[in-house]
Amino acid sequence: MTYSNTEIEYFPIPYLSDASPYFLSFRPLGKRVWLDSGKPWSHYGRYDILTAAPHKTLVNPHQGELEAAIEALGNPSPMDSSHAPFPVPFIGGLLGYFNYEYNNADYQLSAKASQHHEIVPSAFGVFHWALIQDHDLQKASLVFLPQCEAKLRTKIKSLVNAVSLPEQTKVNEPATTTSDSDTFTVQHLKNDLSKTDYLNTIDTIRELITAGDTYQINFSQRFSGEFSGREDLAYIAMRKVLPSPFCAFLELTEQSILSLSPERFIQVKHRQATTQPIKGTVARGKTITEDKELAESLKASDKNRAENLMIVDLLRNDFSQCCEPHSVKTPSLFQLESFPNVHHLVSTVTGTIKADVSLLEFFLKCFPGGSITGAPKKRSMEIIHELEEHPRNIYCGSVMYLSAHGQLDSSITIRTILIDRNKIYCWGGGGIVHDSQAEDEYQESLQKINVLIETLAKSGQA
């Protein structure tokens with residue numbers, strides 16, 4: 001049953017355990033975005049948010065442009081209606097990304113020299129509709145703001161109705177709609193930094209820590225190669241082998257972002273903010289016994305717990321700038337979360353945003369996330385700027401949405417790939433502290449993204 005009023009229209013559609021068929025069906029619309037729960041393979045995500053054909057695209061927008069765009073949509077309240085099919089996180093609004101360097105000027109950091117085609121602009125779409133899947137309730141719906149044009153609504157409904165639905169949508173039997181002629185190819189994807197240079201840089205960071213310049217630095221290395229074919233098929237191949245709760249695909253500009261991130265940055269509901277930094281990583285074991293032993297050793301590791309606690313303290317400080325006094329709390333520390341390739345330690349920080357602070361202002365005061373800079377943040381960012389040869393671009397930035405009804409959620413874009421025409425880039429890194437061992441850190445940086453590189457190489461040859 002379709003329900004509509006002056007604020008919003010809900011159009012229930014069949015629920016799919018794997019939203020890939022819906023994602024592929026929107027290809028004719030252009031400028032697709034999929035905030036992907038990683039289902040049916042991920043254990044942690046709940047919602048899929050899919051959309052395309054933005055009303056407007058804002059490239060490298062400043063805060064005022066984004067604030068004005070969201071205000072222009074009014075203040076609809078979808079949950080006031082009992083006709084909402086389920087709790088809807090995004091009804092339309094802003095959806096896009098900030099690259100890591102977005103706030104560089106605020107930290108007195110100059111722009112890094114780079115060839116133009118390697119620079120990823122921050123970009124947001126202003127969307128008047130979305131397809132939402134709630135995997136907990138196994139329900140799905142199209143959601144339209146009143147600003148969404150009738151012609152576009154009709155086209156979207158037609159594309160959804162044309163999707164070939166599987167007879168059953170079991171977790172182990174996701175639907176696929178690609179043909180053998182659809183393909184992509186990745187070649188020569190390799191480190192841009194030699195192992196010797198990486199190890200020497202770790203030694204330099206340890207010397208800076210010894211000198212008291214910093215406590216922790218998140219250092220990364222870039223990989224680059226050649227790409228041809230379908231970016232969306234590359235994404236679908238990767239999400240199956242590295243399902244994560246904050247996966248995302250965006251094609252808002254000529255560059256495509258393919259993110260398999262396990263890390264939330266900031267979520268805001270009813271002005272209650274939550275961040276969940278990841279710090280502390282170990283590879284999965286080859287046997288059940290080995291895997292359990294590695295997980296237990298990570299939980300007990302003084303080094304990894306200390307790294308995590310440093311970032312928690314940094315984020316508590318970031319939150320305190322814009323949260324009500326005494327509202328910043330740490331509900332949990334060092335919780336183990338397991339993914340196909342690694343175990344992580346995850347902590348949670350919460351706070352109540354002050355009434356006179358907008359959600360975007362709060363977000364940007366905390367950006368970039370402390371888990372991918374180091375502590376203290378400003379000095380760590382200066383050291384990263386000095387030691388990393390290439391701009392991070394989308395890596396360690398954030399994919400985020402700001403819904404017209406005042407909800408915000410965002411990721412830290414680790415395990416993320418950038419495709420720019422015929423070039424492909426990805427990054428791997430980790431937190432360096434005084435007792436870090438250079439060889440161990442090098443291997444950890446590879447462990448985090450090896451599955452992506454291997455999947456791209458294997459699938460591209462298939």
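Analyst: Tyr107 is buried, because its relative accessible area is 15%; buried means under 20%, exposed means over 50%, and partly exposed lies in between, with a 1.4 Å probe and protein chains only. The model is predicted, so local features need pLDDT of at least 70 and side-chain atom pairs count only at pLDDT 80 or more, while totals for chains, interfaces and linings use all residues. Residues are numbered from 1 along each chain as its sequence is written, and side-chain values use heavy atoms, with hydrogens and water left out.

Tyr107 sits in the loop between β6 (93-98) and β7 (123-127). Helices (H or I, at least four residues) and strands (E, at least two) are DSSP runs, numbered from the N terminus. Apart from neighbours within four places in sequence, Tyr107 has contacts with Phe367, Pro368, Lys377, Lys378 and Met381; a contact means heavy atoms within 4.5 Å. Met381 is 274 residues from Tyr107 in sequence, yet the two C-alpha atoms are 8.0 Å apart in space.

Two of these partners, Phe367 and Pro368, are joined by a cis peptide bond with omega of about -5 degrees. Pro368 belongs to the loop between α8 (359-366) and β19 (374-375). A cis bond is also found from Ala375 to Pro376, where omega is near -10 degrees. Pro376 lies in the loop between β19 and α9 (377-387).

Phe367 leads on to the aromatic residues. The whole structure has 19 aromatic pairs. Rings of Phe, Tyr and Trp (its six-membered ring) pair if their centres lie within 6.5 Å; planes under 30 degrees apart count as stacked, over 60 as edge-to-face and the rest as tilted. Phe363 and Phe367 form a stacked pair, with 5.8 Å from centre to centre and 20 degrees between the planes. Both Phe363 and Phe367 are buried. They belong to one aromatic cluster together with Phe98, Tyr102, Phe124 and Phe265.

Leu58 is found in strand β5 and is buried, with a relative accessible area of 11%. Ala123 is 65 residues from Leu58 in sequence, with 5.5 Å between their C-alpha atoms.

Ala53 has a positive phi of about 50 degrees although it is not a glycine, and it counts as partly exposed because its relative accessibility is 21%. Lys31, also not a glycine, has a positive phi of about 55 degrees. It lies in the loop between α1 (20-25) and β3 (33-36) and is partly exposed at 35% relative accessibility.

Leu159 gives a view of another part of the chain. It is in helix α3 (residues 150-161) and counts as buried at 13% relative accessibility. Beyond its neighbours within four places in sequence, Leu159 is in contact with Ser25, Phe26, Pro28 and Leu29. Leu159 and Ser380 are 221 residues apart along the chain, and 48 Å separates their C-alpha atoms.

The chain as a whole has ten helices and 23 strands. Its radius of gyration is 21 Å, close to the 23 Å that the globule rule gives for 462 residues, so the chain is as compact as a globular protein of that length. The radius is taken over C-alpha atoms, and the rule is 2.2 Å times the number of residues to the power 0.38. Along the principal axes, the C-alpha atoms fill a box of roughly 65 × 55 × 45 Å.

Buried residues make up 59% of the 462 residues. Of the contacts between residues at least 6 apart in sequence, 76% join residues at least 24 apart. The chain exposes about 18,700 Å², of which carbon and sulfur atoms supply 49%.

Key:
Accessible areas come from the Shrake-Rupley method with a 1.4 Å probe; for residues, only the protein chains shown count as cover.
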